[in-house]
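Look at the model below.

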Amino acid sequence: MREEKNILWYLPRAAAELIEKKVKHSNDTGRDFITEIHIRMSRPMSLTMSNGRNVVLPFRFSRNDINYAISRLTENSLHAHMDTIKKGYINIQGGYRVGVCGRAVCEISMGENENVISNIGEITSINIRIAHTILGCSDGIYEIVSEKNFKGGTLFYGLPGSGKTTLLRDIAIRASQGNAPLRVAIIDSRGEFQDEKEMTDCLIDIFSNYSKAIGIEIATRTMAPELIVCDEIGGYDEARSMLSAQNTGIPLLATAHASCLEELLQRPNIKLLYEHNIFSKYIGIRRDDSQTGGFSFDIRRI
Amino acid sequence: MYECFKYALLVIVFISSSMAGVKFAANAKESLKINEGILSLILHIRRSVEYYTETLDKVYETFDNEALEEIGFLPSVLKLNNDGEVFPFCNALELYKKRLSLDEDVYSALYSFGKTLGNCCSGEQIDSCTAVAEFLEEKCSCMRRDLPKKIKLRTTLGVSCGMMIVIVLI
């Protein structure tokens, strides 16, 4: 069985058994695996498979079931996870990312005219994204991305769940080991790149739980990386930090959500990076089992 | 021979009764120690949540208390927490109810506190720690004030009972 087995500990027994059955069935019948487990209060639980299909399971989480899962996911320490819960996620061991949403308690900060989430009153939905390290998944693209020691940087874009993080992880591992390894700094604001066994021989510095803007700035200033890897960019501060990092000549590998380049460039902060030529390549990715590595790419050089 | 046996028996009765008195006095001391141990655990939880935002497994791991460890309460809370029980503090209280020998009001205050533990945000957690700590502090100071009287009373009662039994038997 794959990593799904570990995640079942966090769920009520009845739900865990259903998922276990499904995992067993998938392992017996083919190569599809579970990428996400969606839990909703009083609504059906569903699984997202690696081929993008949603599988609805005959189990509805009650309020107690959700509380049980939250207690386990937060190690009985909700207070220790409040900051990330307000941002919509919980970090758990193994690099899984758990998205949460529910009833937010908002405050309007004076003078700034914007709502700030001060608390989450009740969590009603949970999405457990199962991190997969698929070694070799960058087979079809690594040579292109790593041309001239990654010079110019690359931005990967794709829909949520298309495998951007998995691909980025594999590229970071490949770049930081072998005959001519590079010093790689990973800015991991959501704890998705935890110390994995595949990284034991890699020259990787992980900035865990740093915000992307601060992480990029500190990495550039203190760790002398030869490559900076950063997942899911798009904020104003991140864009500013990347502009600063560009002046140091350190190439960047990053990801962003978008279905196509045109859509990507409609995002103002990404457009800013585009206009300043921060990335020399924009690569769209989507899952494609017929290709080497399991992805197909749409490469655009600038 | 019979006389010898009778006097030996009376001595045993007297010593046993006195020892029982001493034991009851020691129980009062032990009870105070346990209450103080729980109070310092709660203060430790409050500090860890307030300043370090630690998870509860780390909070329990970094806490030492002889009385709570001796009766097994502390290792049990840690184990139940690591096993993923939803209310590990409450479950440990139930398991060790007899050995903790807490007053009913202290037990129910701790049980309610246990229900909130790890299930609310830092602000609420700190408030609930403060409330139960104040209650326990009050309880402990009463126990501390009454302790010398209790020790004296229980020891004296044990010795007097022993003497009375001896006199009656003679």
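How many salt bridges cross the interface of chain A and chain B? The rule finds 0 there. This is a predicted model. Polar contacts give another count: 9 residue pairs link chain A and chain B in this way, both residues at pLDDT 80 or more.

Which elements of chain A give two or more residues to the side that touches chain B? They are helix 3 (63-73) and helix 4 (78-86) of chain A. Helix 4 of chain A gives the most, with 5 residues. By class, that side of chain A has 5 nonpolar, 6 polar and 2 charged residues.

Now consider the extent of the interface. The size of an interface is often given as the accessible area lost when the parts come together. The table sets out the values for this pair.

| Item | Value |
|---|---|
| Residues of chain A in contact with chain B | 13 residues |
| Residues of chain B in contact with chain A | 20 residues |
| Area buried between chain A and chain B | about 1,200 Å² |
| Share of that area on carbon and sulfur atoms | 50% |

In chain A, three residues lose the most area to chain B: A:Glu75, A:Asn76 and A:His79. Together they make up 50% of what that side buries.

Next comes the sheet. Chain A holds an open sheet of 7 strands with mixed pairing. The strand order is 9-8-10-11-7-12-13. Strand 9 (204-208) and strand 13 (295-301) of chain A stand at the edges. Each has a single partner strand, so one side of each is left without a neighbour in the sheet. On average, neighbouring strands of this sheet are turned by 20 degrees against each other, direction ignored.

Take one pair of strands. Strand 12 (residues 281-287) and strand 13 of chain A pair in the antiparallel sense over 7 bridges. Here A:Gly284 stands opposite A:Asp298 in strand 13 of chain A.

A helix lies across these strands. Helix 6 (residues 164-175) of chain A lies across several strands, including strand 7 (154-158), strand 8 (184-188) and strand 10 (227-230) of chain A. Helix 6 runs at about 175 degrees to strand 11 (252-257) of chain A.

Back to salt bridges. Side chains of opposite charge can pair when their charged atoms come close. The structure holds 13 salt bridges over all chains. One of them joins A:Glu217 and A:Arg221, with the closest N and O atoms 3.5 Å apart. These residues, A:Glu217 and A:Arg221, are 4 residues apart in helix 7 (residues 212-223) of chain A, so about one helical turn separates them.

How values were computed. Residues numbered from 1 in each chain as written. Chains lettered and ligands numbered in written order. Predicted model: local features only at pLDDT ≥ 70, side-chain atom pairs only at ≥ 80, totals over all residues. Heavy atoms only, no water. Contact = heavy atoms within 4.5 Å. Buried area = accessible area lost by both parts, 1.4 Å probe. Salt bridge = Lys/Arg side-chain N within 4 Å of Asp/Glu carboxyl O. Polar contact = N/O pair within 3.5 Å; in protein donor to acceptor, adjacent residues only side chain to side chain. Nonpolar A, V, L, I, M, F, W, Y, C, P; charged D, E, K, R; others polar. Pairing = 2+ DSSP bridges. Axes fitted to C-alpha atoms, helices over the stretch in contact; angles between N-to-C directions.
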